[in-house]
Amino acid sequence: MRSLGIVALSVMLGGCASVTRGTTENISISSTPSGVEAVVSGLEVPTTCTTPCAIVAKRSADITITFEKEGYQPQTVQLTKEVSGTGAAGFAGNLLAGGVIGMGVDAATGAATDHKPNPVIVTMQPTAPARSARPAAPRKPRPPAAAPEAGT
């Protein structure tokens, strides 16, 4: 009976990191200057926001953010996933309560990981000012070369 209770508890808890940290996280996005369009890919629904802003993302998502503003060079930031200290502790807690099932749930949901960098902060670089194309000045025709005078 005890074994059955432990298995039932494991299934209900899912995974310790999943329970204690959740499967989503807030990611803050900002830029200098502000008012930059941030296009976030890797989410279930592609998202666009204007900096400063924040999104909620699944911890397991592979996220890329592209920053665009007229007059500035576009920039792309690829977020990485790293196991945080609290995520590792929650994942290790599966040894006590969640067992193999909890470890599997935490691994599948990415509950033990955090996206880095968070917050995402970029400094936009202005594009080089376009050189104004001056129209070429019309060339003046050269007078014909004088023929050398014959023998004197």
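A word on terms first: helices (H or I, at least four residues) and strands (E, at least two) are DSSP runs, numbered from the N terminus. By that count, the chain has 4 helices and 9 strands. Along the sequence they run α-α-β-β-β-β-β-β-β-α-α-β-β.

Now the ground rules. This is a predicted model, where local features need pLDDT of at least 70, side-chain atom pairs count only at pLDDT 80 or more, and totals for chains, interfaces and linings use all residues. Residues are numbered from 1 along each chain as its sequence is written, and side-chain values use heavy atoms, with hydrogens and water left out.

Next, the sheet. Strands pair if DSSP finds at least two bridges between them. Here 3 strands form an open sheet, ordered E4-E1-E9, with mixed pairing. E4 (53–58) and E9 (120–123) are the edge strands; each has a single partner, so one side of each lacks a neighbour in the sheet. E1 (residues 24–32) pairs with E4 in the antiparallel sense, over 6 bridges. In that pairing, Glu25 stands opposite Ala57 of E4.

On to the sulfurs. How many disulfides does a search of the whole structure find? It finds 1, taking a disulfide as a pair of cysteine sulfur atoms within 2.5 Å. Cys49 is joined to Cys53, S to S 2.1 Å. Buried means under 20% relative accessible area, exposed over 50%, partly exposed in between (1.4 Å probe, protein chains only). Cys49 is buried, at 13% relative accessibility. Cys53 is buried too, at 17%.

Last, the whole chain. Of its 152 residues, 30% are buried.
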